[in-house]
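Me: Can you walk me through this one? I'd like to start with the strands and then move on to the rest.

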Amino acid sequence: MSATSIGTSEFPKQGQEEVNYLNYDHTLRSWLTTGDHKRIAILYLISTTFIFFLGSLAAGMIRFELTSPAGVVLESETYNKVFSSHGVIMVFFFLVLALPATLGNFLLPLMIGARDLAFPRLNLGSWYLYMVGAALMLSGLIFGGIDTGWTFYTPYSSMYSNTQVSLVIIGIFFSGFSSITTGINFIVTTHKMRAPGMTWFRLPLFVWALYATSVIVILGTPVIAITLLLVVFERLFHLPIFSPELGGDPVLFQHLFWFYSHPAVYIMILPAFGIESELIANFARKRIFGYHFVAFSTIAIAGLGFLVWGHHMFVSSQSMYEGLVFSLISFLVAVPSAIKIFNWTATLYKGNIRLQSPMIYALGFIGLFTVGGLTGLFLGSVGTDVHLTATYFVVAHFHYVMVGGTMMAFLGGLHYWWPKMTGRMFNDGIAKWNAVLVFVGFNLTFFPQFIVGWLGMPRRYHYYYFAPEFQPYNIMSSLGASALALGFLLPAFYLTASLFNGPKAGSNPWGAHGLEWETSSPPPVTNFLETPIVTDEVYDFDPVSEYEQLRAAQDLLDEGGNPGGSY
Amino acid sequence: MPFNFPLAPPQASSLAPEYDAVFYALLALTIFFTGIVLAAVVFLTVRYRRGTKVDRSRPVYEDLRLELSWTIIPLILALVMFYAGAKVFVDIRTAPKDSEEIFVIGKQWMWHIEHPNGVRENNTLHVPIGKDVKLIMISQDVLHAFYVPAFRTQVHVVPGRYTDIWFKATKVGEYHLFCNMYCGTQHSEMCGSVIVMDQRKYAEWLANNGESVPHLTMAQAGARKFNSVGCANCHGGTDTLRAPSLVGIFGKKRVFSDGTSLIANDEYLRESIVNPYNHITAGYGQSMPVYTKDQLSEEDILNILAYIKTSGGTPDSPSASLISESAVPVETSKHNGDTPLATNAIRAQIPSSDATPTVRTGHPAVGAIAARGINP
């Protein structure tokens, strides 16, 4: 999209160190009291990355332990704490907020041509809420741990577990409010702070996705916050809510829990859809196919997502007819997801595709999310779910969506916007091979889990010596996890290295469209020196003329050339 | 260890083939659509990668017919698959009216199962092949889930309310039973097996209080051993030239060939079996064989002692059948019919007052002992 900025001549001259959001003040205090959405995004990026590696460590321990049918080193009690930690950390402290709070926080104002989010101090406050929540959660995990799984099913969590359930739940409570404040901030910002000419249907699809995500967050998160607090009240004061011994109903908890936690799946995946649309459009050099359908399918998923929670409870003793209704609506959600997949694929048609690292992640995403989405049909189908529910089939399915989908998109987006955030280019050759490594390692890790789940291996099992037929698949999965771990560690090194020795990126190293590429890299504190005025449609590429220019400039044909070359 | 790569769980219930049909249909759909998407992505990416000489003129950005077709076709497929899945679900959830009921209690960390005739078992469920069985379940503490992969069925076992599943087993064998709802520290050990038996064996099993061989008291087991190792050949109802009778011996004073004496307690009786020549009863020689541990375990000896003790019992007690071989249950169960009731015939063979007529005719001496006529 082209934008006319008034007074671009006031940009500092080449070679001169520009004042940007990173270098205007180097003190720690300036970081911890900042109201700048870009700095807050960096704070979130550092803290969520740390949390992600903690959660991955737990995943590694799980995979190591499962190589042998009778366990390797851990006691069952410890194993249970490890998988619970993995789930709590990854779901509540990474997946539900990593994409919105880092990439979303950084890009939403830039993409709509705003100076900042609507409430900068609320934004900073949300990061502090997150940090308090994470600290409470981690102290709970260190001083006793929890053994309930991330789902906190009652009455085990409320009456039986002798672990730090209350502390961890209070941590989640805080982190939930962090998500809510971010959501409110995003919604208000999208409504009120779009640049002149930035109509709703000129919004990049990532903004649509963040908007839909925020709506889910502010509607759903209060429910989980209250529900988990009720668990704490039952633990501490024997408030009779969920425990049948006290007169409560354990299944009520599941309804309340999944009323949030199913939409939470869309909180995790919708921003990934948004990133995917950005990557596909920008690396195919073509406007996204069916923009309106992709945008409205996002809204449809957000709406329908609230009506399918019962598909987590087909065998939980809810009525048969309830199961049938929830199954029907779950099948309906499959349709907007399918629309997205087909539109992304169609975007490639007559494009001018550049296979740089973000695009490799984006193409990997299409493959993995397709498998993740289609295997969801087995679980949304009420009959087939009976055998598969709570087995490794479910584990594989949601990792295809959460890791194969969300993490692939996150890594793709991080690579794509890294030059914008840091002003430095990383080594794209290594990054491309890393994307392939993540794709292969991921499939090796999680594909065998589909089979072992179909054979009937329950999730959350420490031992399976009574079923040795599960072992070969578990060994394959653990081998794959090693490759996947490498694929997650490498970017931490080469991206960090680029900060010190990466070439300067320039304002638009990918030749991409979008307001965020029209300001310098890293952007100035106020994002834009002048308010941009939007006059053109979103993703306004012209693959035909681009191709002709390219043929004319033969020397640019070399793929290994500087990706920063724009033409 | 040679690795197998099984690709499907065993099919052992009437629901399994029906379930698998829907599963494989979904699998075909998944492979088909994944194949289409991957083929399209690879083809388009290769064809339209940067710099290739292909026609890029008049690019398409929106096509209503295309959008509608990939909205409506998946929608129709989704509705069809919903219907197929729903149909299986209704069958899984609807137990036939005349199902046999078995009751299951889940508790940390075991399955306790009660059959209506009172047979109880833990972590193992025996069921007959070809019969509709309905399990009525409840949890004593936290949530559990009763999951038998080979039957393709599963339901949560909930505290405070009954849940149920049903199945009709179709293949004899032993199948995994898993708790599939995380329930605490030893969750992964809350598993066991479902054993599908043919109907006659199942009926016998039920009738024998859940044992594949008839259940024996210690004295009954001792009686069987007493006969099988040959004690009964010499130690009869009365003293003979070869050996004294053991009827009513327990607690009596025994006088030995060296003039000493002892009260016949457990210790003495055991010693007389293990080292028979330490104390030789006055009037007898060294004729008794020595039994090694392989021939008689400590458990056997305890059982034999229990048997000997009962031989001083009241005339109408089961022990009145002392030394009667026919009164001792035999290993090979005899039954005379095909109905489950046939197993009652086996029960009848367990020593009881029913057996005394045989005793009286076969061993008159024993009948006399039973009437407390003689003291050795």
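**Strands, interface and fold**

Reply: In this predicted model, strand 6 (residues 144-148) of chain B and strand 9 (residues 173-179) of chain B run antiparallel and are joined by 2 bridges. Strands here are DSSP runs (E, at least two residues), helices are H or I runs of at least four, and both are numbered from the N terminus. Two strands pair if DSSP finds at least two bridges between them.

Me: Which residue stands opposite Phe146(B)?
Reply: That's Cys179(B), in strand 9 of chain B.

Me: How many bridges join strand 9 of chain B to strand 10 of chain B?
Reply: 6 bridges, and those strands also run antiparallel; strand 10 covers residues 191-197. In strand 10 of chain B, Gly192(B) is the bridge partner of Leu177(B).

Me: Before we go on, what are the ground rules?
Reply: Residues are numbered from 1 along each chain as its sequence is written, and chains are lettered from A and ligands numbered from 1 in the order in which they are written. Local features need pLDDT of at least 70, side-chain atom pairs count only at pLDDT 80 or more, totals for chains, interfaces and linings use all residues, and side-chain values use heavy atoms, with hydrogens and water left out.

Me: OK, new topic. How many residues of chain A are in contact with chain B?
Reply: 101 residues of chain A are in contact with 91 residues of chain B, where contact means heavy atoms within 4.5 Å.

Me: And what area is buried between chain A and chain B?
Reply: About 8,300 Å², with carbon and sulfur atoms giving 70%. Buried area is the accessible area (1.4 Å probe) that two parts lose on being put together, summed over both. Phe342(A), Lys350(A) and Trp454(A) supply 9% of the area that chain A buries against chain B, more than any other three residues.

Me: Which helix gives the largest share of chain A's side?
Reply: Helix 10 (residues 320-347) of chain A, with 14 residues.

Me: What about salt bridges over all chains?
Reply: The search of the whole structure finds 11. Lys81(A) forms a salt bridge with Glu77(A), closest N and O atoms 3.9 Å apart. Those two are 4 residues apart in helix 3 (residues 76-112) of chain A, so about one helical turn separates them.

Key. A salt bridge is a side-chain nitrogen of Lys or Arg within 4 Å of a carboxyl oxygen of Asp or Glu.
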